[in-house]
Structure formats: C-alpha cells, structure tokens
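My entries follow in the order in which I checked them.

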Amino acid sequence: MHHRNSGHPPVLSALTIIRTRPEYERRSLISSIALFTATVTGPREAAFDLLHARFDPTDSRADIITGLCERLPAGAQLLVRQPILPTRYLMDTAAVRDLPPIDNQLLARALPGTKLLPLTVTEEQLIAAGEAIGLEMAGPASTPLKRNRRAPEQAMALWSIYTQAFCRRPEARALIASFQAWRVLERAKPLPF
C-alpha cells in the first residue's frame with residue numbers, strides 16, 4: 001500500500017554486491033550479495049526483510065544474477081550503487097566502450113519491468129550513513145571476509161541514504177525508527193545452529 005505524500009516506494013529493495021576486486025577490473029568476481037527490502041505497511045511504518053548469500057569462485061555471474069532476480073519481491077523498485085569509474089576511463093571513451101557490461105546493466109536487462117534506482121555514493125558516504133543509524137560497517141581496509149559478512153549493513157546503509165534523501169523528514173525519521181526497532185528484534189532472535 002503506497003501512501004500519499006510518501007517519498008518511499010511501496011516496496012524498495014536495496015542491493016549490495018561485494019566483489020573480489022572493483023567491478024571494472026579483470027578477474028573481478030562476485031563474492032557475496034545482500035538484498036534488503038523495505039515494504040511500506042502504514043503511513044510511517046514498514047516491514048523489512050534481508051537476503052544475504054555468499055559465493056565461491058566457481059559460481060557464475062550469470063547464475064548469481066538470475067538467482068537474485070528470482071528473489072526480488074514482486075513490484076519492488078531496486079536501489080543499486082552505481083560504480084564510480086577511475087579517472088582514466090573519463091578521458092578514454094574507447095576504453096569505456098570496451099568494458100564488459102556492469103552488474104546494473106545486466107540487472108536492467110534481466111528485470112525489464114523493474115525500476116532501477118542507481119545511486120552514486122562513495123565508500124565514505126556509505127560508511128557514514130551506516131554508522132549514523134548504528135550499523136557496524138566494514139571499512140576500506142577491512143578483510144575480504146569482513147566485507148562479505150558486512151554486505152547486509154551496506155545494503156541497509158544504502159536504503160538509509162535513499163530514505164533520508166527522498167522522503168520528507170517526518171517520514172524518513174519514522175521509517176528509520178521502524179528499521180531500528182526491527183534490528184533490535186532481529187538481534188534478539190536465537191542463532192541457528
């Protein structure tokens with residue numbers, strides 16, 4: 001249910017893809033993904049869901065993206081980070097043309113009826129946004145294991161950036177408070193063994 005004057009889509013999924021190297025580098029592989037979904041349930045309320053998966057080098061990019069697309073909630077808009085290319089590509093348009101398609105392009109092709117919302121944010125902005133809502137974020141010098149483990153926090157921080165940028169202040173505050181209550185309940189759940 002979408003409420004009038006809401007800047008938040010009825011269903012918004014924030015995606016983080018963690019790679020072994022920057023996406024535009026050769027031999028860059030997807031090592032984990034996190035899909036955080038916020039579904040508006042009332043004027044200033046939301047329900048949340050989280051999918052987190054890790055992959056090994058034998059998992060193909062195509063299979064990972066296909067599996068991700070199958071798990072995207074019906075009717076969701078998809079919030080994605082737009083990769084920032086190094087300066088050398090800005091001066092060489094031929095080099096940009098020679099790059100393989102990025103994950104966002106493959107997602108757009110695989111999800112023709114889904115609205116992709118690309119945001120360009122730096123690592124520093126993402127870390128600051130996550131820490132501002134109480135998340136333990138992986139830093140630039142973190143180990144690959146910690147970066148994979150903290151993929152959900154990156155997806156949640158990306159959602160937070162969108163919410164605070166595109167929702168009116170009262171709505172954003174209420175949605176962030178709803179999110180924080182959900183986090184408390186999630187942390188209180190017993191660990192599966």
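I took helices (H or I, at least four residues) and strands (E, at least two) as DSSP runs, numbered from the N terminus. A pocket is an open set of points on a 1 Å grid over the protein atoms alone where a 1.4 Å probe fits, with protein on both sides within 12 Å along at least five of seven lines; lining residues have an atom within 4 Å of a point.

The model is predicted: local features need pLDDT of at least 70, side-chain atom pairs count only at pLDDT 80 or more, and totals for chains, interfaces and linings use all residues. Residues are numbered from 1 along each chain as its sequence is written, and side-chain values use heavy atoms, with hydrogens and water left out.

I noted 14 lining residues for the second largest pocket, and Leu50, Arg183, Glu186, Arg187 and Leu191 lie nearest its centre. Strand 3, helix 7 and helix 8 each supply at least two of its lining residues.

I then turned to the largest pocket, which 28 residues line; Ile17, Arg81, Pro83, Glu123 and Arg147 lie nearest its centre. Strand 1 gives the largest share of this lining, 5 residues.

Which residues does Phe179 contact, leaving aside its neighbours within four places in sequence? I recorded Phe36, Phe48, Ile133, Leu135, Met156 and Trp159. Contact means heavy atoms within 4.5 Å.
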